[in-house]
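Morning, everyone. Let's get the structure up and walk through it.

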Amino acid sequence: MLKYSMLLLFTVSLMFSCKDSSKKTEKEQEITLYTHRHYDSDKVIFEKFEQETGIKINVVKASADELIQKLESEGKQTPADLLLTVDAGRLVRAKNKGLLQSVNSKVLDSTIPSYLKDQENEWFGLTKRARIIAYSKERVKPEELTTYEALTESQWKNKILIRASSNIYNQSLLASIIANNGKTAAKSWAKGIVANFARVPKGNDRDQIKAILAGEGDLAIVNTYYIGKLLNSKDPVEVNAANAVGLFFPNQDNRGTHINISGIGVTKHAPNKANAVKFMEYLVSKEVQEIFAKTNYEYPVNAAANTSELLTSWGDFKEDHLSLTKLGELNKEAVITFDEIAWDKGPNAQ
Amino acid sequence: MLNKLNRIRRDFNQWSLFTAAIGFFVAIPILAITVHLFDGVGDMWEHIVNYFLLEYIQNSIVLLIGTGILTTLLGTSSAWVISNYNFPLRSVLKWVLLLPLAIPSYIVAYAYVGLLGNGGTLIGCLQTLGFSIQKIELMNIYGLIWVLSFSLFPYVYASSLAMFSSIPRSIRESSDILGASKWRYLKSVAFPLASPAIISGLFLVFMEVLNDYGAAKYYGINTFTTGIFRTWTMLEDLQSAVYLSALLIVMVVILNSLVKWQRGSKSYAVKGSTDQLKSTDRIDLKSNKRLLVWIIVSIPILFGLLLPLGQLFYWATLTYKKTFNIELLQIAGQSFTIALVTTGLIILTSLALIYFSRWNHLKSLHFFKKVATIGYVIPGAIIGIGVIRSSQSFITFFDDVFSLEIGFLFYSSSVVLIYAYVFRFLAVVFHPLEANSLKVGKNISEASYLLSAGKIKTLFNVELPLLRTALLTSGILVFIDVLKELPLTLILKPYNVQTLAVKAYEYADDERVAQAALPALMLIFTITIAMAFVNYLQKREKLNR
């Protein structure tokens with residue numbers, strides 16, 4: 001009995017798993033998207049696009065590095081039309097490996113400012129994220145804060161919270177400092193920050209903000225949209241944590257606050273290039289850009305799009321207009337610098 | 001030399017060919033990676049050696065020792081109690097003790113921070129009770145040992161349970177007649193007898209620990225696996241990442257030879273008549289001892305299951321409105337189907353490897369078995385690369401030679417994914433089955449041959465029924481493993497397939513752990529149903545006999 005019921009179940013499942021693969025044979029309008037983003041808001045946008053155009057979107061989600069590796073091995077038989085990542089560095093890497101192709105689109109050219117896209121039009125920024133200083137409203141006055149550089153001053157000893165160096169947002173912040181201040185200055189900056197760490201880096205951006213509420217430190221270097229997400233969380237612990245911090249946009253008197261992008265490019269061997277470009281143009285349309293701002297608390301790249309109420313309440317700020325290509329190029333150097341100064345081992349290791 | 005050749009000629013038959021073919025086919029991804037080792041180390045290798053290598057080795061050893069001790073304590077004590085004593089709810093707890101495995105380790109890691117971290121649920125409870133406690137610091141290597149041990153001890157529990165419950169009555173009686181105390185019996189008879197099984201369970205724990213990525217990364221602990229990812233993705237040096245994997249494999253080979261050394265040339269086969277082979281009856285306990293038994297069983301259940309599960313339920317109540325929909329049920333169905341098919345294939349492959357090689361004596365075949373089961377220690381992402389590379393050469397071959405574009409077969413079906421699972425998890429079924437077939441010994445099979453039953457007939461009528469418990473328990477373990485698998489699934493799954501583990505990960509990775517709770521709970525639910533089904537089958541079998 002056992003043998004037979006197992007055998008039956010096994011055969012039925014085998015049939016089911018085969019069915020999945022065989023049903024897609026006819027040619028319909030579709031594009032395949034490799035994406036590192038997995039937000040619910042994206043799904044809403046994809047569904048809207050499918051309804052409006054009748055073009056089906058096949059989504060493959062994995063980390064950008066894995067997707068790049070996948071594209072590389074799949075070569076010219078790749079099913080992918082588009083690569084979507086959450087930082088410029090990975091797009092630069094994909095471009096350098098010859099995995100992307102240039103796109104001529106008036107819509108994209110006119111909508112996206114030049115510092116947010118590739119010079120050869122191989123990739124384009126879709127949304128912006130600012131890496132800011134969240135401070136304890138209780139223990140820190142915003143007047144005490146000025147720049148990223150000033151965080152190394154001794155008054156912040158044992159006060160700074162930030163996550164580990166494996167985080168791409170930290171890497172791109174350090175890359176921007178290397179680009180702006182030079183390698184030696186950047187290295188001593190990173191050293192100075194480590195000396196002021198409140199604890200060994202751990203957890204994610206949300207955990208840093210929770211640690212401020214708990215009094216483990218006073219300042220946290222985090223991305224803006226995490227604060228938006230905490231404020232709108234269903235978990236009361238997270239809402240309390242977000243309410244306890246204020247946002248400070250550093251370096252307003254000089255180069256501006258560091259930003260990174262979520263961006264997209266058409267793959268070199270894209271089977272459906274025309275539809276892929278259509279989809280990219282759709283993503284930067286005013287309407288969709290406002291969805292990004294409203295549901296995922298990211299800053300739109302389309303100047304015509306209104307930001308959400310929450311983003312407006314944080315105020316306008318000056319952005320660092322450093323070319324994002326530069327960030328990509330310096331990414332590896334940033335990682336090496338982090339390792340050399342033992343960022344992940346914390347203040348006691350130095 | 002001539003002697004050796006003669007021996008090879010004698011032992012070489014169709015079964016050795018089968019073993020070699022299966023072993024080779026399963027091992028293709030690792031061979032594809034091994035080829036890369038000849039290209040030498042990458043340009044970041046020196047950087048890794050200077051800043052990380054020592055830390056990776058140290059942390060991995062501390063983790064192995066810590067989880068080794070804790071899982072052995074938790075797993076064997078609960079297995080001993082379950083197999084030897086009768087107490088209320090015993091038959092339920094027997095299965096509940098496997099359930100901690102159903103929660104992915106990284107979810108347990110998040111849940112514990114949700115319980116004991118800043119503003120944690122349990123901390124909140126303690127504070128209202130008047131304790132002035134801010135948080136319990138878990139995000140360090142000891143916290144990681146705690147989390148991994150409580151989520152992985154069922155491996156040791158399952159393998160030692162199968163062993164403890166099948167120790168023949170005759171052995172227990174001999175021990176009693178010789179005047180050994182209960183403690184002496186446990187120490188000198190039951191434990192040594194069960195040691196191959198315990199160690200094979202521990203081996204699985206070690207592999208999971210070495211392969212853990214999510215929990216270690218969240219707690220900020222640098223291990224080989226986090227290092228491999230770091231080297232590959234951030235230092236952009238795949239070559240050195242492959243070398244780190246090779247070092248990891250060396251560690252495993254050392255562990256493995258320790259196991260072999262422990263087993264030595266001892267035979268664990270138990271001989272005797274059918275009546276003597278019947279295992280001992282369980283003892284009914286008096287109330288004072290019952291308490292002790294309850295404590296032994298409830299500690300792993302409380303910390304491995306109830307606490308993390310409680311936190312997940314709390315999160316799920318906060319988020320279910322957003323996350324529960326028909327799609328989630330479909331995803332659960334897909335996960336279940338894929339896991340079931342994979343489990344079936346893995347069991348078939350393991351049996352083939354064990355039996356085909358038993359039917360001949362060719363020593364060199366052991367190499368293929370080793371290579372085929374090595375997938376368990378290699379980080380999923382690296383296997384993913386190996387699989388993509390090898391299937392890619394297959395696709396180009398077809399394109400060049402037959403000008404057939406067969407790429408879509410690979411990218412839009414689960415074939416490659418399932419194949420990769422088989423390679424990745426073969427060891428989970430293979431090792432316990434091998435240990436158990438060692439225990440059964442060759443005498444029974446030889447008796448069957450003497451009665452002129454063929455090899456296949458003996459396999460199905462004599463050998464497999466004896467392995468039933470081991471088959472079901474290791475089958476369930478691999479089923480759970482496949483359901484939980486993450487890195488491989490992420491990189492190899494086609495766009496039209498989604499699994500619960502991936503869904504939960506997507507939320508957690510986006511720092512929305514609370515939303516990950518519902519898919520995680522569905523995962524646990526699916527696994528519970530599968531376990532209940534196996535339990536039901538086993539019970540029916542017993543009644544029928």
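How is chain A divided into domains? Domain 1 covers 29–128 + 261–305, and domain 2 covers 129–258 + 324–349. Those bounds come from an automatic or database domain assignment.

Some ground rules. This is a predicted model: local features need pLDDT of at least 70, side-chain atom pairs count only at pLDDT 80 or more, and totals for chains, interfaces and linings use all residues. Residues are numbered from 1 along each chain as its sequence is written, with chains lettered from A and ligands numbered from 1 in the order in which they are written.

Back to the two domains of chain A. Their centres, over C-alpha atoms, are 28 Å apart. Contact means C-beta atoms, placed from the backbone, within 7 Å. Helices are DSSP runs (H or I, at least four residues), as are strands (E, at least two), numbered from the N terminus.

Next, helix α9 of chain A, residues 224–231. Seven of its eight residues are buried, so α9 is largely enclosed by the rest of the structure. Buried means 20 or more other C-beta atoms, placed from the backbone, within 10 Å of the residue's own. Among the buried ones are A:Tyr225, A:Tyr226 and A:Lys229.

Last, the chain pair. Here 49 residues of chain B are in contact with 51 of chain A. Helix α19 (residues 380–402) of chain B supplies the largest share of the chain B side, six residues.

Conventions. Two residues are in contact if their C-beta atoms, placed from the backbone, lie within 7 Å. A residue is buried if 20 or more other C-beta atoms lie within 10 Å of its own, exposed if 12 or fewer, and partly exposed in between; C-beta atoms are placed from the backbone.
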